[in-house]
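Please read them with the structure open.

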Amino acid sequence: MNNKVELDAEIIRAGAGSGKTTELVKRFICEIENLIRAGEPEPLAKFVAITFTRNAATQIKERIREKIIEHIQLAQSETEKRRFRRLIGKLAPAHIGTIDSFASSILRANAIASGLTPSFEILDPAIFESRFEEHFNSEMVRLVENDKEIGSIVARFDWVGLRNTMLKLRLCSARVEPVLNDLINSGDPVKRAIARLYFYLKERENPLLVSFSDVLNECKKLLTRNPKLFPFGFIFVDEFQDTDEVQWEIIKNIAMQTSSSVLIVGDEKQSIYGFRGSDYTVFKKAEEELQKEATPKTENWRSLKNILDFVNYVFKGSRIGGKEYKPLRYVRDERYLGNVELALIDPGDLDTESHRRVIANLIARRCYEGLKGEPEKRFRIVKDGAITEATPGDIAILVRKRNFLQALIPALRRVGVPFITYRGSGFLDTEEICDMLAFLRFVENPNDDISFLALLRSPLFGFSDDLLVIICSLEHDTLFEKFSFAQTLKEIDSSERERIKSVVDLLNSLIRDYRIFPPSQILMRFLESTYGWAIYSSLPDGAQKVENLKKLIMRVIEIEKEDFENIAEILEETGKGEPESAIEFENERAVRIMTIHSAKGLEFPVVILPMWNFESKGSQNNGAFLVDRDKIAFRYYDPQAREFVGADEQSEYQQLRENIKSRMYEEEERLVYVALTRARDCLSVFLDERFVTNNKPEKLPDVYAKMKEL
């Protein structure tokens with residue numbers, strides 16, 4: 001039975017295109033205004049705004065920034081303008097971000113109480129796996145010799161299988177540790193040994209070996225032991241359907257400790273991150289615990305009528321997201337009703353790769369026809385109230401998996417359709433931002449050899465490694481001194497010496513002026529003097545690189561207002577995990593290609609959707625163990641019985657496997673819903689008949705079969 005919680009809370013179940021982010025930002029700004037009028041000196045410190053993805057967090061920050069700028073322009077007095085202007089500079093470090101970034105800030109601020117070192121970082125799963133493998137191998141050699149019970153399970157799982165089991169358990173520690181604690185006293189020797197081994201390995205880990213799940217788990221424990229740590233008054237939670245029980249416990253505990261007002265916004269139909277552990281049933285649990293029924297928002301301000309009619313038909317009668325589907329309501333009121341195209345493709349006897357190329361070629365040809373074909377085949381959209389033809393930047397191709405790009409990209413090139421792929425990498429990890437941070441670090445400290453070397457190897461200068469080896473061998477203290485001296489070396493080609501001289505003159509000028517002028521001006525001068533805008537624009541994904549550079553300059557301008565030093569360090573600290581800049585799609589000259597997951601929260605005038613190879617892979621559910629919410633099951637070989645435990649259809653393992661598989665199909669249905677509702681004016685779906693015919697369990701509403709009926 002759920003515990004009842006007394007909180008000042010509101011829950012909004014916001015359907016696709018209902019303007020939930022707009023509503024959240026509106027509430028945020030309203031509360032900020034109230035705090036400013038009440039004389040609160042640090043209003044942003046009273047807020048926590050949490051969302052599931054970094055992309056969504058960035059979008060919320062950008063929307064809030066825009067609203068603050070509007071308030072500055074409309075302010076009635078200089079005092080009011082000054083207060084709102086100050087908020088711009090405080091926005092970057094504000095508690096507006098993902099749950100893991102928020103939990104990390106709590107743990108760092110309370111390092112002694114949490115038991116974690118303040119310098120911990122959430123490791124990328126690949127790095128975590130590599131370091132865990134080293135830790136496992138070194139500890140197990142010693143442990144197998146001294147602990148017979150644990151040693152016996154190596155024979156059952158094999159070394160690699162056992163290591164992978166421990167790794168998977170560690171990567172979802174927040175969910176499995178309560179279960180593993182119970183297994184310590186299990187009568188099953190295998191389960192008991194697994195639990196003992198897990199906690200043994202964790203106790204002896206390097207304290208810097210921290211995963212996403214660890215941060216949530218430790219934050220939850222900290223809040224349980226140390227109530228009333230925070231001064232918050234308002235907690236806004238976006239994309240609540242993509243959280244899980246542990247995240248809800250963290251949010252709920254903070255709200256209870258601080259008597260904060262809570263606004264929860266989400267939609268179970270758009271829960272598509274089950275592979276990361278999200279659990280949309282937490283939405284219902286929150287309703288029950290808070291004794292609040294969610295307010296539904298079914299009006300759709302995004303899509304034209306024909307698209308909404310199509311979506312409503314496909315999902316009519318389904319229980320998507322655990323609730324009976326409620327039709328989205330059309331509110332745009334345009335005389336053009338939009339266009340939906342559905343192509344059913346029969347692959348015949350083609351193999352997978354050939355079939356993939358066929359679909360890619362059809363999509364490429366439809367893009368070409370929609371842009372340059374006969375008038376009746378061109379995509380028509382509504383822009384500024386008028387019906388017009390779509391440009392490349394109005395089109396998005398949303399793919400289920402990135403491996404489809406191997407066929408799609410060559411197909412688009414053959415027909416001459418310009419495109420840009422959304423990589424989804426972190427803002428600070430992109431080539432152009434790394435180059436600019438290296439420049440800022442260098443002009444702040446010309447003795448920083450590492451940053452200067454990175455700068456010399458960047459596309460802006462592109463000095464060869466052979467030349468840099470010669471320069472690095474010179475007998476001077478710093479690399480910049482060596483580089484400056486190199487312009488006099490006769491063994492270096494004269495044209496290279498001239499190039500070195502021009503770079504030295506430019507950098508000396510920028511180093512000198514950096515002490516006088518704002519860093520943003522120095523950064524823009526650097527890009528202009530090196531033809532940086534043109535160089536990055538000409539590289540693959542050039543449009544994305546240019547937008548990232550613009551975003552960086554805006555960040556530098558914000559930091560300047562607070563008169564911070566060490567700009568590069570501040571940027572790195574406040575931008576950790578932040579996604580690349582969102583491109584203004586309408587102004588782009590290229591078709592946008594991205595995964596459906598990357599498109600979450602976005603909208604496009606034209607969406608092309610290849611529904612190919614959507615099936616879940618059974619191999620994902622055939623490991624040595626399965627974990628599902630609060631259950632763990634094992635499958636292993638018993639050498640004494642000479643059989644696999646967990647292989648029987650009625651076993652705990654096989655039942656859990658079927659439950660997980662069923663939920664994967666349910667999530668696939670939600671993924672289709674998210675993909676279809678990204679379209680604003682035109683929707684073009686390419687449906688694989690082979691997949692429609694097969695692979696769908698009868699117990700689920702078959703959205704693919706409904707499409708086929710049309």
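1. Basis. This is a predicted model: local features need pLDDT of at least 70, side-chain atom pairs count only at pLDDT 80 or more, and totals for chains, interfaces and linings use all residues. Residues are numbered from 1 along each chain as its sequence is written, and side-chain values use heavy atoms, with hydrogens and water left out.

2. Overall make-up. The chain has 29 helices and 20 strands. Helices (H or I, at least four residues) and strands (E, at least two) are DSSP runs, numbered from the N terminus. Of its 710 residues, 54% are buried. Buried means under 20% relative accessible area, exposed over 50%, partly exposed in between (1.4 Å probe, protein chains only).

3. Main core. The largest nonpolar core holds 41 residues. Such a core is a set of buried Ala, Val, Leu, Ile, Met, Phe, Trp, Tyr and Cys residues joined through side-chain atoms within 4.5 Å. Met436, Phe439, Phe463, Phe483 and Phe526 have the most contacts inside it. Elements giving two or more residues include α17 (431-444), α22 (519-529) and α24 (542-561). The largest share, 8 residues, comes from α21.

4. Met436. Which residues does Met436 touch, not counting those up to four places away in sequence? Among them are Leu460, Leu523, Phe526, Tyr536 and Leu552. Contact means heavy atoms within 4.5 Å.

5. Stacked pair. Phe439 and Phe526 have ring centres 3.9 Å apart and planes at 5 degrees, so the pair is stacked. Rings of Phe, Tyr and Trp (its six-membered ring) pair if their centres lie within 6.5 Å; planes under 30 degrees apart count as stacked, over 60 as edge-to-face and the rest as tilted. Phe439 sits in helix α17 and Phe526 in helix α22, 87 residues apart. Both are buried. They belong to one aromatic cluster that also includes Phe442, Phe452 and Phe480.

6. The whole structure has 21 aromatic pairs. One of them, Tyr325 with Tyr673, is edge-to-face: 6.3 Å centre to centre, 75 degrees between the planes. Tyr325 lies in the loop between α14 (305-315) and β8 (329-330) and Tyr673 in helix α27, so the pair ties together parts 348 residues apart in sequence. Tyr325 is buried at 6% relative accessible area, and Tyr673 is buried at 0%.

7. Val141. Helix α6 contains Val141. Its relative accessibility is 49%, so Val141 counts as partly exposed.
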